[in-house]
Amino acid sequence: VTEPSIPLESILGCLQGVIPSPFATCSADGTPNVTYMSIVQYVDSERVALSRQFFRKSAMNLEENPNAQVLVVDPDTTEQYRLELHYLRTETDGPVFETMKGNLEAIASQTGMGADLFRLRGVDIHRVECCRRAGRVDPGVPARDPQRDVLRCLDEFQRRVATGGDYGEATRQALQGLEDLFGIRHAILLAADEDGDTLFGVAANGYPTSSAGAEVAVGVGVIGVAAARRQVITVPSLARSRVMRAAVQESEERRGGERGPSRGIPLPGLDDVQSVAAVPLVTHGALVGVLFLESDVPGRFGPHDERLLRVIGGHLAAVLSAFERDRHESVEEPAAPTASSRPAAAVAGAADPEAAIEVTYYQADDSVFADGEYVIKGVPGRILWKLLREHAADGRTAFTNRELRLDEWLGLPAGNDNLESRLVALRRRLEGSDWGIALQRVGRGRLALEVRRPLRLVEVPTRGPMRAAHADTADPA
Amino acid sequence: VAQAPEHPGIGPDIAGLLARGAAVVVATRDERLRPEVTRGWGVAVAESGDGVRLCVEAALGSPTRENLVAGAPIAVSCSLPSTYRSAQMKGIVVAVEEPAAEDLERADAHHAAFAADALNVGIPSRLAPRFYDRPSLVAVSVTVADLFDQTPGPTAGARL
């Protein structure tokens with residue numbers, strides 16, 4: 001009696017590329033060939049896709065003889081399965097190719113390799129004639145985790161995110177929900193800037209340091225490639241990717257384009273990260289941000305998660321985008337300085353310079369430093385400088401989103417200004433410091449600035465291209 | 001077109017890979033040219049450098065066991081999990097036997113080295129034994145006709 005073929009859907013854990021898959025072909029003259037495949041990916045219940053990168057002999061054999069076989073391994077249990085394959089065709093475009101290409105580009109970028117070395121020449125589509133257990137069969141093997149009730153978890157995730165009354169609370173609920181409902185304990189949410197060429201950290205869960213204000217360029221690394229391609233990227237095994245990088249480098253006999261350390265605020269990360277995913281947040285075709293997930297478990301994120309992550313990302317994008325839009329439509333009266341908003345501390349030229357904190361603003365890139373320590377730059381830097389300057393002038397502590405939007409010096413774009421995400425990033429950046437400056441959301445569209453130490457404000461003019469933008473501004477220092 | 005050398009000579013590079021716990025996979029094929037892949041352990045290089053003897057996972061009744069007959073073509077690839085340094089030997093099966101005690105000792109030692117190296121890429125020690133189907137091993141002697149570099153990158157596929 002022939003053992004029945006095992007459905008591919010029951011071995012999706014094997015089809016993530018965590019453990020390399022031995023792949024055998026045979027030439028027309030009967031000479032077998034065996035090599036390792038990086039990626040064996042599920043296409044549907046009858047087909048798999050194999051990456052075509054380096055191995056010319058396998059490709060030649062498949063042209064002559066479509067019979068092939070691959071041994072795939074479950075990374076959780078190391079159970080092995082033998083797939084008997086029949087080569088159908090090689091695709092060099094289309095969704096299967098683009099998905100695999102995006103993943104390889106992200107790995108190449110993340111590991112500092114030139115994309116040409118990881119270049120995907122095509123994906124070979126094979127029909128699976130049969131799938132059977134292989135190797136040692138051990139009844140004591142730990143079973144894979146039972147499938148979670150994904151729909152129930154998604155329903156609960158949406159409910160929680162919807163309870164967040166503002167942008168900041170929605171991001172907090174989302175990241176906590178990922179941990180509680182899906183076991184994703186390390187997550188960073190980044191928002192896209194107005195130009196769509198940079199992402200900045202807004203919220204994080206599971207890290208000792210804040211991600212607020214950290215910047216990632218679109219197109220660079222797993223996060224940046226996910227944003228650029230609007231594609232969920234999963235890297236099941238970073239250890240494998242690092243090993244692959246080293247092997248290719250050695251073969252290439254030249255050094256790869258390693259990136260230098262980034263300036264500004266570093267993105268937090270797990271020391272022993274093994275698997276990552278980057279989920280673009282897209283609504284109405286526009287990039288809202290990226291959700292970045294990390295795990296210390298190899299194979300935690302893989303192609304089997306991509307549908308779920310797309311749904312989560314789509315929902316989060318819609319919610320966050322609605323919060324941004326909602327603030328555009330809201331009507332708030334700019335709050336005049338109130339009698340109660342007395343200066344929380346002395347202002348510029350404080351009498352007690354020993355206790356004062358020196359806040360420096362550089363016009364050149366809108367960066368703000370507190371006692372020489374980098375705080376933030378760009379739009380949030382400009383916002384912070386405006387608030388501190390006005391506080392220094394007349395002791396104001398109450399501000400509104402509306403006046404920030406109308407302030408020509410800030411220069412927020414009329415359409416998508418990302419003000420909510422900017423303020424959340426700024427607020428969290430200030431929270432994680434001991435500069436004695438805090439920004440609180442005190443109501444719909446209202447902000448309260450708290451200054452607990454005397455300030456000394458210094459504005460550094462620029463002679464560069466940004467000079468004109470600052471021509472009319474008074475130096476409060 | 002480069003011609004295969006008469007005796008390719010299995011050099012210290014490949015011997016070093018094997019000693020450091022390279023994963024070994026073996027391909028054979030049936031008369032309909034359908035390839036069959038399995039794992040190999042405990043590769044010993046002949047003193048002449050033109051042949052190897054290894055244990056191959058080939059349970060009784062399995063396609064690999066059917067394919068392993070004297071004169072059959074065979075491919076043996078070895079790849080170190082922690083570096084991906086890889087090479088492939090192609091040759092002809094000379095003999096298939098029950099493994100002797102020293103064959104099994106070599107296979108056990110090889111598996112231990114493999115498990116240690118696989119730790120580097122996140123395969124925990126408790127799971128490494130599941131790659132090793134010791135009861136199914138047969139000892140296979142192979143005359144090696146060709147050697148190829150299989151390290152991922154531009155040199156993949158080049159004759160060694």
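The paragraphs below start with the interface and end with the cysteines.

This is a predicted model, in which local features need pLDDT of at least 70 and side-chain atom pairs count only at pLDDT 80 or more, while totals for chains, interfaces and linings use all residues. Residues are numbered from 1 along each chain as its sequence is written, chains are lettered from A and ligands numbered from 1 in the order in which they are written, and side-chain values use heavy atoms, with hydrogens and water left out.

Chain A brings 49 residues to the contact and chain B brings 44 residues (contact: heavy atoms within 4.5 Å). Between them about 3700 Å² is buried, with 58% coming from carbon and sulfur atoms; this area is the accessible area (1.4 Å probe) that two parts lose on being put together, summed over both.

The interface of chain A and chain B has one salt bridge, that is, a side-chain nitrogen of Lys or Arg within 4 Å of a carboxyl oxygen of Asp or Glu. A:Arg82 pairs with B:Glu36 in a salt bridge, and their closest N and O atoms are 3.4 Å apart.

Now for the cysteines. A disulfide is a covalent bond between the sulfur atoms of two cysteines, taken here as a pair of cysteine sulfur atoms within 2.5 Å. Over all chains, the count is zero disulfides. For A:Cys130, the closest cysteine sulfur belongs to A:Cys131 and lies 7.1 Å away, too far for a bond. A:Cys130 is buried, at 7% relative accessibility (buried: under 20% relative accessible area, 1.4 Å probe, protein chains only). A:Cys26 is also buried, with a relative accessible area of 0%.

Notes. Buried < 20%, exposed > 50% of the residue type's maximum accessible area, 1.4 Å probe, protein only.
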